[in-house]
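Visitor: I am new to this structure and would like to learn how to read its features. Could we take them one at a time?

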Amino acid sequence: MKENILLDTYSLAILRELQRDARQTVQQIAERVGLSSTPCWKRIKDMEAAGVITGYSALVDRTRVGLNLLVVAEINLSQHSEDVVQAFERAVQATPAIVRCLSTTGQSDYILTVLVPGIAEYERFLHDQLFKLPGVTHVRSSIVLKEVKADVRLPVTAAPPAPPRARTRASASRARAG
């Protein structure tokens with residue numbers, strides 16, 4: 001069961017380090033965030049258990065593996081019944097060339113990111129797969145000319161400050177006496 005956990009300054013720093021380089025050892029991460037290894041390891045395990053960290057992967061240069069064409073496709077469905085939506089989303093999940101799918105408001109129902117080797121392969125993909133996805137009535141394709149930014153790291157920032165703790169009589173007495 002996933003539990004909610006407090007993401008304090010140390011946990012957020014650990015997340016930034018893991019996103020920067022997940023191949024670091026716990027010791028390296030601990031040194032960079034100012035903790036010892038054991039509490040750092042425990043925080044990582046807690047964030048994994050809570051679903052904050054959902055996995056680890058390698059970043060791959062798509063052009064070096066032959067995926068030279070990046071296409072953004074806006075999709076409209078014929079109807080929005082639960083059956084059609086679920087069938088469409090299952091088919092998208094099972095299509096490797098679709099690397100991202102967003103359900104959206106506005107002019108399109110979904111925005112897909114598609115990676116293929118080239119324009120001929122996209123045309124084939126469009127006719128053989130995309131047009132045949134359940135419920136698809138309209139596809140608007142935009143060929144990406146240049147990726148200006150493609151960062152997969154989330155912009156995790158410092159945690160909001162904790163609310164001040166109420167002073168007890170004992171702490172107020174000690175403060176006056178000190």
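Visitor: How much space lies in the largest pocket?

Guide: Keep in mind that this is a predicted model. The largest pocket holds about 800 Å³ of space. Its lining is made up of 22 residues, and Val99, Leu115, Glu147, Ala150 and Val152 are the closest to the centre.

Visitor: What lines the second largest pocket?

Guide: That pocket has about 690 Å³ of space and a lining of 19 residues. Nearest its centre lie Leu18, Gln19, Gly55, Ser57 and Val152. Its lining counts 11 nonpolar, 4 polar and 4 charged residues.

Visitor: Now the strands. In what order do they stand in the sheet?

Guide: The sheet is open and has 4 strands, in the order S2-S3-S1-S4, with antiparallel pairing. From one strand to the next, the twist averages 20°.

Visitor: Which strands stand at the edges?

Guide: S2 and S4 (136-143) do. Each has a single partner strand, so one side of each has no neighbour in the sheet. For S4, look at the pairing with S1, which is antiparallel and runs over 7 bridges. Within S4, Val136 stands opposite Leu77.

Visitor: How many aromatic pairs does the structure hold?

Guide: There are 2. To read such a pair, take the distance between ring centres and the angle between the planes; an angle under 30 degrees counts as stacked, over 60 as edge-to-face, and the rest as tilted. Phe88 and Tyr110 are 4.5 Å apart centre to centre, with 45° between the planes, and this pair is tilted. Phe88 belongs to helix H4 (residues 82-93) and Tyr110 to strand S3; the two are 22 residues apart, and their pair links distant parts of the chain.

Visitor: Are Phe88 and Tyr110 buried or exposed?

Guide: Both Phe88 and Tyr110 are buried.

Visitor: What about Tyr122 and Phe125?

Guide: They form a tilted pair too, at 6.2 Å centre to centre and 35° between the planes. Tyr122 and Phe125 are separated by about one helical turn, because they are 3 residues apart in helix H5 (residues 119-128).

Visitor: Why does Tyr122 count as buried?

Guide: Buried means under 20% relative accessible area. Tyr122 has 4% relative accessibility, so Tyr122 counts as buried. Phe125, with a relative accessible area of 5%, is buried as well.

Conventions:
Residues numbered from 1 in each chain as written. Predicted model: local features only at pLDDT ≥ 70, side-chain atom pairs only at ≥ 80, totals over all residues. Heavy atoms only, no water. 1 Å grid on protein atoms, 1.4 Å probe; cavity = no way out; pocket = protein on both sides within 12 Å on 5 of 7 lines; lining within 4 Å. Points joined across faces, edges and corners; volume = space filled by probe spheres on them. Nonpolar A, V, L, I, M, F, W, Y, C, P; charged D, E, K, R; others polar. Phe/Tyr/Trp six-rings, centres within 6.5 Å; stacked < 30°, edge-to-face > 60°. Buried < 20%, exposed > 50% of the residue type's maximum accessible area, 1.4 Å probe, protein only. Pairing = 2+ DSSP bridges. Axes fitted to C-alpha atoms, helices over the stretch in contact; angles between N-to-C directions.
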